[in-house]
Each structure stands twice: as structure tokens, then as C-alpha cells.
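Dear colleague,

Please find below the sequence and the structure that I am handing over to you. My findings follow directly after them.

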Amino acid sequence: MDALAQSGLLSPDTLPLLLLTAGLLLSMAEALAPGANFIVVGIALIGAGLGGLILSSVVAGAALVALMAFLTLAFGAAAFYGYHEFDLYGGKGQQQTSDSDSLKGKTGTVTERVTPTGGEVKLAGGGFNPHYSARSMEGEIDEGEEVMVVDPGGGNVVTVESMGYVEDDIDRELAADRARKAAASEAEETDADAETELDRE
């Protein structure tokens, strides 16, 4: 560290250039890995570096370092607020997919006919690229049909089922309740018919 200080690389005069360079590198890294991983820090460093370059003719030494630290915090807070407030990446109010298991139960539309061996679907809220390779449990699902993910399959190839075939616990319970009511009303009709015949005799 002393060698860097003696070489003048970390002097208050070169610090704005170092901050500006680091900010530009982080901003370029954001282009390679989008998702606001680096952009907030990159903007903070670029702002502090530019501010330091502009103010280096007026302020020098430790005061310049303190001013650049304040500018880093100010630009960082502004970038963070702007990122969250203006929704630059278009995902505000949506949960992001954290792993393949979170795809289970998601719905979408078939974009290329899905068979047991292949196809493609577009999932609602499916992340940066909502198009997934898909296969069906059995049969074919035509293009444009609504589907639900029944097995995320590690996220590479999802297994889907047509919404017409998907039956959850509530649907099964409702069907069982309808069957019980139908059986009860049929039993009442049989009892009423039997009583009517007894009355006739």
C-alpha cells in the first residue's frame, strides 16, 4: 500500500481518474450481466470521479477525498432511488424467478406445438427471457393454448399440461361434493318413490 502511495497512484490528484475508470468498467460489466448488479455502484463511481475532476482545480488534498466520498454516496443514493422508482428494467411489482422450483404452477401460452418430446412455451413472469423449451405429459398441446408448469425439470425443459386438463385440490373437492349431492338427491328420490308405492298399496 505504501508503494502505491509513493508512486502517486493513490494520490488525491489521481483518485478522480481511478473512480471514473472503475465506474466505467462496472457499467460495462452491467452490459454483460444485466439486472442492475453493477449499474448503481458504477453510476456512483462515475459521478464521484467526474465531480472530483471538476472540483480538483478548486479543492485539493484531504478535502477533495472527503468530497469525493460524499459524492459517491450521493450519486449512489440517487442511482438506487432512480433504479427502484422508475423501473428501468421493467420488473416492478413482479417476483423474480429465484430457482427452477419457483416455475412450478406458472401459467403461460404455447408458442410452438408441445409434444412429449419437445415444443416451446412463453411463461407469464418467466424472467428476462420468458420462452422455455417444453414437453407435455401426454398428447399434444396446440399453439396458442394456455398451459401450466407441472414439473420445472431444472429450468432447462419444463413439463406442462393444458389448462383444460389441470385439476387441483379445489377442483377435485368440488367434483366430489357434486357427486355426494347427486347421490343424496338420487337416494331421496328413490325413498320418495318407495313411499309413494307403499301409499298406493
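**Helix packing and the strand barrel**

Helix H2 passes helix H4 in a right-handed crossing; a crossing is right-handed if the near helix is turned clockwise from the far one by less than a right angle, and left-handed if anticlockwise. Please note that this is a predicted model, in which local features need pLDDT of at least 70 and side-chain atom pairs count only at pLDDT 80 or more, while totals for chains, interfaces and linings use all residues. Residues are numbered from 1 along each chain as its sequence is written, and side-chain values use heavy atoms, with hydrogens and water left out. Helices (H or I, at least four residues) and strands (E, at least two) are DSSP runs, numbered from the N terminus.

**Confidence**

The protein chain has an average pLDDT of 77, and 71% of the residues score at least 70; pLDDT is the predictor's confidence in each residue, from 0 to 100. Strand S1 (residues 107–115) has the highest confidence, at 90, and helix H1 (residues 2–7) the lowest, at a mean of 54. Across residues 92–98 the pLDDT is below 50, and this stretch has 10 contacts in the model beyond near neighbours in sequence. Contact means heavy atoms within 4.5 Å.

**The helices**

Two packed helices are described by the angle between their axes and the distance between the axes. Here axes are lines fitted to C-alpha atoms, for helices over the stretch in contact, and angles run from 0 to 180 degrees between N-to-C directions.

H2 (residues 15–32) and H4 (residues 62–86) pack at about 20°, with their axes 11 Å apart. The two helices are therefore roughly parallel to each other, as angles under 35 degrees count as roughly parallel, over 145 as roughly antiparallel, 65 to 115 as roughly perpendicular and the rest as oblique. On the H2 side the contact involves Leu15, Pro16 and Leu19, which meet Leu64, Val65 and Met68 in H4. The residues of this contact divide into 6 nonpolar, no polar and no charged. In this classification Ala, Val, Leu, Ile, Met, Phe, Trp, Tyr, Cys and Pro count as nonpolar, Asp, Glu, Lys and Arg as charged, and the others, Gly among them, as polar.

H2 also packs with H3, at an angle of about 155° and with the axes 7 Å apart. That angle makes H2 roughly antiparallel to H3. Their crossing is left-handed. Among the residues that make the contact are Leu20, Gly23, Ser27 and Glu30 of H2 and Val41, Gly42, Ile46 and Leu53 of H3. By class, the contact of H2 with H3 has 14 nonpolar, 5 polar and 1 charged residues.

H3 (residues 39–55) and H4 pack at an angle of about 140°, with their axes 7 Å apart. The crossing of H3 and H4 is right-handed. The contact includes Ile43, Gly47, Gly51 and Leu55 of H3, together with Leu67, Leu71, Phe75 and Tyr83 of H4. Its residues divide into 14 nonpolar, 5 polar and no charged.

**The barrel**

Strands of a sheet pair through backbone hydrogen bonds, either parallel or antiparallel. In this model a closed barrel of 5 strands runs S1-S2-S3-S5-S4, with mixed pairing; two strands pair if DSSP finds at least two bridges between them. Neighbouring strands of this sheet are turned by 55° against each other on average, direction ignored.

S1 and S2 form a hairpin with 2 residues between them, and they pair in the antiparallel sense over 5 bridges. Gly108 has Leu123 as its bridge partner in S2 and Val147 as its bridge partner in S4. The pairing of S1 with S4 (residues 146–151) is antiparallel, over 3 bridges; Thr107 has Met148 as its bridge partner in S4.

S2 (residues 118–123) and S3 (residues 131–136) likewise pair in the antiparallel sense over 3 bridges, and the bridge partner of Val121 in S3 is Tyr132. S4 and S5 (residues 157–162) pair in the antiparallel sense over 4 bridges, with Asp151 standing opposite Thr159 in S5.

With kind regards
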